[in-house]
Amino acid sequence: MTRFLIRRLLGAIPLLLGVAVLSFVFMQLAPGGPDALFARNARMSEEQLQAIRHNMGLDRPVPEQLVTWLGNILQGDLGISYTQYRPVSEAIWDVVPNTLLLMGTGMVLSLIAALLFGVLAARRQNGVFDLVASFVSYFGLAMPVFWFGLMLQLLFAVRLGWLPSAGMSSAGGGGFWDVARHLVLPAFTIAIGSIAGWSRYVRSSTIESLNQDYVRTARAKGMDEQRVLVGHVLRNALIPLVTVVGIDVPLYLTGAVLTETVFSWPGMGRLFFDALTVRDYPILMGILLLGAVLIVLGNLIADVLYGVLDPRISY
Amino acid sequence: MSANVTLETAAPGKLAESGNAASGLTALTPSLTSRAPRSPGQIAAARFRKSTLALFGLLVITLMCLAAIFADALAPYGENEIDLFNITAQPSTAHLLGTDELGRDELSRLIFGARVSLLVGVGTALVSTLVGIIVGSFAGYYGGWIDSALMRFVDVILAFPAIFLLLIFFSIQGSSVLTVILFLGLFSWMWLARVIRGEFFSLKERDFIEAARSIGVPDGRLIWRHLLPNVGAAIIVSTTLNIAYAMLAEATLSFLGFGVPAGTPTWGNMLNAARPNFTTVPLLAIAPGLTLTFAVLAINFVGDGLRDALDPRGRA
């Protein structure tokens with residue numbers, strides 16, 4: 001197990017390095033890359049631009065820039081934000097907890113809903129609940145996340161006025177219940193895609209385990225259906241779900257940008273969107289890399305958990 | 001005239017080849033089953049027709065394609081026609097779905113929007129299928145270090161938060177319909193490449209490939225004529241589902257303001273433009289979103305129907 005863990009961790013390093021190098025190359029392909037913010041400023045003279053380029057090291061040969069950039073990243077130095085005038089790592093670190101709160105709530109919500117819907121649908125295959133659930137989940141997968149967010153905002157915040165429409169806390173508020181109220185709509189928005197996807201997944205893996213011999217044995221022993229479902233079927237159906245959750249991290253990252261933009265949630269996605277509009281290049285690259293780290297980490301955790309949960313798998 | 005001649009001289013050879021194959025099949029089938037001879041394509045088509053959802057999807061897509069093609073005739077107004085007396089107007093007999101913030105007819109823009117949305121969807125899917133086939137074939141056929149290198153590359157691309165990268169690129173570089181298609185395509189081929197590679201690995205060991213190789217069929221022809229047709233189902237299904245993915249991705253980029261340039265009517269751009277006014281004229285946001293949802297839903301239904309029809313083993 002430890003050896004497997006170490007091997008996987010080591011394997012993640014070239015992957016992240018590849019992402020970093022490729023991002024760099026990609027950005028080099030874009031004319032007017034890192035200095036776009038300054039180059040497009042009409043009031044900036046040629047000498048000033050050259051001075052800035054020199055300070056940023058943009059007048060150096062490209063391979064040298066790449067090595068310097070990689071070296072800085074490895075030391076945790078992501079550069080200085082053009083618009084916030086402080087280290088990028090600091091700017092990102094300030095908002096990461098908010099995004100993790102949003103993503104975490106969304107994932108928990110999704111897991112609960114997916115297990116509930118999936119098992120109920122599988123229990124009576126092709127029953128009324130199953131048909132309704134699969135139709136709803138088809139819709140959930142086809143809907144644009146941000147549009148669902150807009151519709152929730154329109155219905156529950158604007159028309160009914162039950163919940164706040166934007167932000168993370170009211171002016172002067174910020175207590176637990178205040179944040180919780182602000183969290184409801186964004187959390188549902190970010191979760192909708194995975195509720196739909198995961199519940200279909202739980203449904204099919206539950207149906208698969210329902211047909212196993214050990215389920216027949218448990219029923220033959222006279223065990224009541226409730227305990228068969230929870231103790232025997234669900235426990236086995238859950239294991240593959242772990243992988244799916246890990247794989248869906250990119251979905252949640254995209255979801256975070258959209259949800260936070262729609263609901264003005266002060267997180268990483270919102271920071272990213274704001275940085276896009278002002279072309280704050282260091283912030284953008286920093287969040288891009290952090291996103292890649294989260295994706296790789298998600299896959300890694302899924303792999304490890306899979307081994308922990310399923311004793312049949314040995315590494 | 002000369003073109004006609006060459007066509008005629010070339011045709012008989014082709015005909016004889018396919019004719020032989022067909023008669024070979026018909027000669028075999030009656031001894032196996034008593035039913036009328038059917039090609040694999042016919043069998044798949046029959047299975048596809050049994051799925052109500054897939055047929056419904058096909059109907060919706062057909063209607064959307066027709067709307068896109070005949071948009072000029074169908075739409076009550078031009079895509080950029082401005083009605084200054086009706087700005088962000090509620091629905092009326094003149095404007096069935098109301099007008100947007102510049103007084104443009106929402107229904108007309110919805111119809112014209114189908115053009116770009118479908119174009120981006122299909123274009124992206126074709127790019128991703130092309131790249132997926134090339135990478136998957138190379139990795140699967142040649143194996144060895146070529147395979148390792150390409151698959152590591154796939155791993156790296158999969159670890160990319162693709163939407164982030166595209167947003168950065170387009171915000172700095174600007175975008176057009178063509179670049180949106182190209183770059184979305186370059187980030188959605190990985191699944192197909194992996195499937196093709198895996199299938200090639202097992203197909204390579206089969207006797208018919210060995211036979212073809214032993215009579216000296218060149219690599220390119222072997223891949224194109226003998227290996228790829230065997231993964232046709234995966235290619236068709238992946239292309240279909242990628243159309244839906246690309247339409248959603250285009251809407252996402254456009255909604256954030258960094259997809260297809262703002263003046264062009266696409267459903268994503270309409271949602272972007274609707275944001276400031278959607279509390280007063282909710283239809284401006286409801287209509288494009290609902291249209292997009294139905295389009296994606298329809299394509300997904302067709303994709304699932306095709307999967308079940310082409311690959312009965314894969315049925316849950």
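**Helix packing and chain contact in a predicted model**

Biologist: In this predicted model, in which crossing, left-handed or right-handed, does helix 5 of chain A pass helix 10 of chain A?

Modeller: The two elements to look at are helix 5 of chain A, residues 88-123, and helix 10 of chain A, residues 225-247, whose axes lie 12 Å apart. Where helix 5 of chain A passes helix 10 of chain A, the crossing is right-handed.

Biologist: How many charged residues has the contact of helix 5 of chain A with helix 10 of chain A?

Modeller: On the side of helix 5 of chain A the contact includes Met107(A), Leu111(A) and Arg123(A), while helix 10 of chain A brings residues including Leu229(A) and Val245(A). By class, this contact has 9 nonpolar residues, no polar ones, and, as the charged count, 1.

Biologist: Which residues of chain B lose the most area to chain A?

Modeller: The contact between the chains takes 48 residues from chain A and 42 residues from chain B. About 4,100 Å² is buried between them, with carbon and sulfur atoms giving 83% of that area. On the side of chain B, three residues together account for 18% of what that side buries, and those that lose the most are Phe164(B), Ile168(B) and Ile172(B).

Technical notes:
Residues numbered from 1 in each chain as written. Chains lettered and ligands numbered in written order. Predicted model: local features only at pLDDT ≥ 70, side-chain atom pairs only at ≥ 80, totals over all residues. Heavy atoms only, no water. Axes fitted to C-alpha atoms, helices over the stretch in contact; angles between N-to-C directions. Helix = DSSP H or I, 4+ residues; strand = E, 2+ residues; numbered from the N terminus. Left-handed = near helix turned anticlockwise from the far one by under 90°. Contact = heavy atoms within 4.5 Å. Nonpolar A, V, L, I, M, F, W, Y, C, P; charged D, E, K, R; others polar. Buried area = accessible area lost by both parts, 1.4 Å probe.
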